[in-house]
Amino acid sequence: MASKYCIIPCLVLVVVAGSVRSLGEDLDRPLVGPPGSPVQLADSDPGLMKAVLFAEERYNRGTNTMHLRKVSKIISATKQLVKGIRYTITVELSNTQCKKSSMLRTCDFYPEPHKLKTEVCVFEVWDIPWQGSSTLLKQKCQPAAESITKETNSVDDLVAPTSQALQESVELLGMFKEFMVKYNKVYSGQEEADRRLQIFHQNLKTAEKLQSLDQGSAEYGVTKFSDLTEEEFRSIYLNPLLSQWTLHRPMKPATPARGPAPDSWDWRENKAVSSVKNQGMCGSCWAFSVTGNIEGQWFLKNGTLLSLSEQELLDCDKLDQACRGGLPSNAYESIETLGGLETETDYSYTGHKESCDFTSKKVAAYINSSVELSKDEKEIAAWLAENGPVSVALNAFAMQFYRKGVSHPLKIFCNPWMIDHAVLLVGYGERKGIPFWAIKNSWGEDYGEQGYYYLYRGSNLCGINKMCSSAVVN
């Protein structure tokens, strides 16, 4: 326990002793640049030029000034690969002599300094090249101080220490300390702790963006994954095989539901869902999704709710790759070949692949076949209400910082073809007029709403409709 707290005083010294200027810069840039971290750009970078022109156009569209304003100086620029390219650009914007209504190709700046009315602006532009789309995520401008308008090549002159910046730094450190204590975080040393603090700070900004752009009622913020980069989170907890469509085995289509879907349904209320489990630092979501489905099917056919073994699949399923990912269609086939699943008690979870220790005498549940559901959400809802919880998969980008509510991220955050996490659909309904899917996750009860994630229903969001399947128990 002592080792956990020894890092905190060191961090306080680092933050308070360092200048606010260096804090502001360094917290935005990891000391050790992992894949996906911000990369500094030269002013001549073609992608940066495109992002600057886009930000200029959106800025001018949103103001009621008579004259066009253009970038007169690029102070700093970075890009980050996150489901596209995110540009963070700090620039000086100044008045030109062109009126907005003019169609001139070139616009000169005012020669008189007092007419330039220069502002310093921070823009964040999200560019999705394969979709041909760009989005302005952030625009924050303020008049340039006198120290900025004079000729200088020093960025230091642009960032004067302020009491507000110092207060923000202290607040950040307090949040990080609280995060470490709450989630029992222990780091290998000061260098690692500093890096995690920087990642934590960047993730707070990502959560803020998700929050500001969410179209549902979700709350995003600090979670137990807040000290991980997106790449670390994906490699540890998610399942890249799900989006490799060429690996998917064809499955028999499910018989459609006999009637339309009721307004709402929840298999938890019908005792067909076991308690939330935790896959740990292992990409075994596929196994938890499938066992959850089979637990529901077995209950509906036999009246007994069992907690079935995911570890058996990690060890004995020769079609999948244990913690490196798997496919529900493979898992069903492996369970049929093995002869069934043992219980969690008889074959307990370790979170890493071991030698197969399956015993047919201990089989507690079996399946006869498996089926693939329709990709129509209304038909999925009807089938679920009639037949039990459904194994599904989705793009989990917005899930890293999800805390509660109905999540409805923009499509740029949740490409429906980039599916990387398997979960269990247990029900659906509405909250204050917002339709949702109730999703049982496998990241423990300290994730989301007691281990559950609620996703907007009705627009095939995050690819939730693309991989719906179920075992069949006769």
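Good morning. Please keep in mind that the structure before you is a predicted model.

Where does Ser469 lie? Ser469 belongs to strand E16, which covers residues 469-472. Is Ser469 buried or exposed? Its relative accessibility is 5%, and residues under 20% are classed as buried, so Ser469 counts as buried. Leaving out residues up to four places away in sequence, Ser469 touches Met251, Asn293, Pro328, Tyr332, Val371, Glu372, Leu373, Val390 and Ser391.

Let us now consider the whole protein. It has 12 helices and 16 strands. Of its 474 residues, 52% are buried. The accessible surface comes to about 22,400 Å², and carbon and sulfur atoms account for 53% of that area. Among contacts between residues at least 6 apart in sequence, 74% join residues at least 24 apart.

I turn next to the interior. In soluble globular proteins, nonpolar side chains tend to be buried together. The largest nonpolar core in this model has 60 residues, and Leu425 and Tyr453 have the most contacts inside it. Among the elements that give two or more residues to this core are helices H7 (190-213), H8 (230-237) and H12 (377-387), together with strands E4 and E13 (421-431). A second, separate core has 20 residues, including Met251, Leu308, Ala331 and Ile335.

Which residues does Leu425 contact, beyond its neighbours within four places in sequence? They are Ile380, Leu384, Pro389, Val390, Val392, Trp437, Ala438, Ile439 and Ile464.

Finally, I come to a pair of strands. Strand E4 (residues 119-128) and strand E5 (residues 133-143) run antiparallel and are joined by 10 bridges. Within this pair, Trp126 stands opposite Thr135 in E5. The hairpin has 4 residues between its strands, and Gly132 takes a positive phi near 65°.

Thank you for your attention.

Definitions and conventions
Residues numbered from 1 in each chain as written. Predicted model: local features only at pLDDT ≥ 70, side-chain atom pairs only at ≥ 80, totals over all residues. Heavy atoms only, no water. Buried < 20%, exposed > 50% of the residue type's maximum accessible area, 1.4 Å probe, protein only. Contact = heavy atoms within 4.5 Å. Areas by Shrake-Rupley, 256 points an atom, 1.4 Å probe, with all protein chains shown as cover. Pairing = 2+ DSSP bridges. Core = buried A, V, L, I, M, F, W, Y, C linked by side-chain atoms within 4.5 Å.
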